[in-house]
Amino acid sequence: MTLRNRIATLAIALAMLVATPRAMAAATLYEPEQDIVKLKDGRELKGTIVKEQNGYIWLDLGVGPEMFISPADIEEIVRDSDEPIPSGDEGFAVKTEDEKEKSWERVPGVTRAAIITAEGMVGMQFAAKPLREAIPLLEEEGVDLVVFKVNSGGGLGLEIQRLSDLLQNEYKPKFQIVGWIESAISAAAMTAITIEELYFMPKGNFGACTGWSGQLVAVEGRGLEEYLYKMEQISARGNKDPQIMKSMQINIPLSYDLDEATGEVKFYQDTTGEHILNKGDYILTLDAIQAEESKFSAGTASTVQELQALLEKSVGEIVWVGEEVEGIPYPVSLAEKHQREYREEVDYQDTRLGEVITKYRMELGNAQSVGVNQRGGFLKRAESYLARIKRMVDINPNLGLMQNLTDDWFRQQEEIIRNLRRG
């Protein structure tokens, strides 16, 4: 071998040993493994657990913000890696008992209260999931009294029972709960009536609980009977006369007599009472004045300070838990912060889902407009968008329900893609 050949061979060997900047960067990249989180409701979520603390996990599904999952919802975690999961102080993790003692101090005779906003569409932004996840956060901050500030125009009927069960079976045993009604319409009213102690804002309203299906068709027949029976049971949970909710569901009269001496109210499903709330020619919606006069509400308050004055008549001194946040007229607790972030995530997913569906349909249409030999790229992108839609629906099944994205719909789309590929 000549000297020139030896130099050339050595140069090639050195070149093989020296990584390019791109190769070096690739070598340092961490490709996350797929973890499987099996939920108690039967769903399986696939992604990467990016943080875990005290049983709570943050799962990156590859679409949208990381998903926060409570240990109460987890059946099993199948890990694809034994690497330790990062943990940190951020997020909504439950602290140890020592840490709880450092964060707040119990003062005898003082009630620790927090406001939780129940806003948006029932079953979407206003849902049982984030409210259940709020319970350990309320306990972490030593909350005794929870005020649910309701502002919702209604939503999915299927969420009513879940929310009522949550309030009745999980909140009431742990906290004193009251409602503060800005607007509770339809499913929101049917949920809030679970709460015994209700207060209204001056322009508050409560009612209009007609059930709807399909293209705004009022529920009738057996479906209506089931709703009427369900609301009798839920009204009893809130210690409310079931005749009130019935008049909010169907055109039926409602009146009452008030014993000024005792404050006792007796309702009638007709117009024989001294005070008539509904003559039976419309669906009842109570305003703040009607609610207070009929003792449906315990009082009217326009501000947190006014509400506090009403509450302190029965519970004594109140201190509001949370941090002052500019633009919000009450301290924001961890539980309230969680509700706000959950609503933001749902809004993001809702908007993003519409965009992904549009892109999926566009790629499918492109594939249908060309010959079979030209469809490969279009169908590959369509399959990718379909998989993203499936992941987003797995995160929030109610989101899929609103778009009619059922299991049958996904099977139909997969069949369409297979047929297009075959020609």
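Contact here means heavy atoms within 4.5 Å. With that settled, I turn to the model itself.

This is a predicted model, in which local features need pLDDT of at least 70 and side-chain atom pairs count only at pLDDT 80 or more, while totals for chains, interfaces and linings use all residues. Residues are numbered from 1 along each chain as its sequence is written, and side-chain values use heavy atoms, with hydrogens and water left out.

I begin with Asn396. This residue lies in the loop between helix H12 (376–395) and helix H13 (397–402); helices are DSSP runs of H or I with at least four residues, strands are runs of E with at least two, and both are numbered from the N terminus. Is Asn396 buried or exposed? Asn396 counts as buried because its relative accessibility is 9%, where buried means under 20% relative accessible area, exposed over 50%, and partly exposed in between, with a 1.4 Å probe and protein chains only. Not counting residues up to four places away in sequence, Asn396 touches Arg43, Gly123, Met124, Tyr342 and Val346. Of these, Gly123 is 273 residues from Asn396 in sequence, yet their C-alpha atoms are 9.6 Å apart in space.

Next, Gln308, which sits in helix H10 (residues 304–315). Gln308 has 19% relative accessibility, and therefore counts as buried. Leaving aside neighbours within four places in sequence, Gln308 is in contact with Ile318 and Trp320.

Finally, Glu264. Its place is the loop between strand S13 (254–258) and strand S14 (265–268). Glu264 counts as exposed, because its relative accessibility is 55%.
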